[in-house]
Amino acid sequence: MDWIALRGRDRYYRLAKRLGVPSRAYFKLAQLNNKYGFLASGARVIDLGSSPGGWLSYELEQVGQMGRIVAVDIDNIKVKSPENLVFIQKDIFNLDPNELLGALGGRANVFLSDLAPRFTGIRSVDIARHYDLALRALELSSQTLDSRGWLVIKLYMSPEVKEFVSMLRQRFERVKLEKPSSSRPSSSEVYAVCHKVCDKVTFVQG
C-alpha cells in the first residue's frame, strides 16, 4: 500500500495536521503525561531527540512561560523558539552535561528522550544503535536530573532492552512501561516512565 495513503488513514497523523503540530508524537507525550502528570507549570525539562518538535509543542503548553526547556537534536526543529526554549543542534555523544545544566539554569525536573537511530533495516545493527542511544540518554540524565525527577525514554523492545529496563529498575523507585494508543500498533516502541532515584543510587552532580 502507498505510504502516503496509509498515513492519510491514520487518525493521529490527520489530527496533528489539523492542529498544526509537527508530528503525531505530540499525542504520545500527551497521553503519557495525562496518566502520570510529570509535566507541570514552571518545570525545567531536557528533551533529547526533539526534531521535528511534536513533543516540544506539548511541553511548551504544559510548562508555560515560567518553565524552561532545553532541546537537543542533530536535525533542526519545526517549532518557533520562545525565550524559555533553548535548542542545541548537536550529536548527543558530543554533548557536555554542563552545557545542558547551564542552558537550563539548574537540574531538570523532567528528562525526556525520544531518541531513535537512523534505521538501516538490519535488525542487529538497528538494535545496537538504539541501545547505545538509550545508554547515553541514561548517562546524561544521571548528570542532569533532579533526584526526585522523572525520566521518560523511548525503547524498542528486544532482549538487550529488557536488560536496560532491569537497569532502570535498579536506579528508580518507580518504573512503568507504556505504549500510548497513538503509537502505531505495528511498532515495537514502548516508553519507560521512571520516577525518583533510589536512595542507594547517587546521581552525578553537574
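**View 1. Strands S1 and S2 pair up in this predicted model.** S1 (residues 44–48) and S2 run parallel, joined by five bridges.

**View 2. On to S2 and its pairing with S3.** Five bridges link S2 to strand S3 (residues 85–89), and these two run parallel. Look for Val 70, whose bridge partner in S3 is Val 86. How many of the six residues of strand S2 are buried? Five of them are, so S2 (residues 68–73) ends up largely enclosed by the rest of the structure.

**View 3. Zooming out to the open sheet of seven strands.** Reading across, the order goes S3-S2-S1-S4-S5-S7-S6, and the pairing is mixed. Which strands stand at the edges? Those are S3 and strand S6 (172–178); each has a single partner strand, so one side of each has no neighbour in the sheet. Ignoring direction, neighbouring strands are turned by 15° against each other on average. As a reminder, strands of a sheet pair through backbone hydrogen bonds, either parallel or antiparallel.

**View 4. Helix H4 packed on the sheet.** H4 touches S1, S2 and S3, plus strand S4 (108–113), strand S5 (145–156) and strand S7 (189–197). Its direction makes about 170° with that of S2.

**View 5. Helix H6 lying across another set of strands.** H6 covers residues 123–144 and lies across S1, S4, S5 and S6. Against S5, H6 runs at about 170°.

**View 6. Where helices H5 and H6 meet.** Two packed helices are described by the angle between their axes and the distance between the axes. For H5 (residues 97–104) and H6, the axes come within 9 Å and cross at roughly 50°. That angle makes H5 oblique to H6. Is the crossing left-handed or right-handed? H5 passes H6 in a right-handed crossing. Which residues make the contact? From H5 come Pro 97, Leu 100 and Leu 101, while H6 brings Leu 140, Gln 143 and Thr 144.

Key:
Residues are numbered from 1 along each chain as its sequence is written. This is a predicted model: local features need pLDDT of at least 70, side-chain atom pairs count only at pLDDT 80 or more; totals for chains, interfaces and linings use all residues. Side-chain values use heavy atoms; hydrogens and water are left out. Buried means under 20% relative accessible area, exposed over 50%, partly exposed in between (1.4 Å probe, protein chains only). Helices (H or I, at least four residues) and strands (E, at least two) are DSSP runs, numbered from the N terminus. Two strands pair if DSSP finds at least two bridges between them. Axes are lines fitted to C-alpha atoms, for helices over the stretch in contact, and angles run from 0 to 180 degrees between N-to-C directions. Contact means heavy atoms within 4.5 Å. Angles under 35 degrees count as roughly parallel, over 145 as roughly antiparallel, 65 to 115 as roughly perpendicular and the rest as oblique. A crossing is left-handed if the near helix is turned anticlockwise from the far one by less than a right angle, and right-handed if clockwise.
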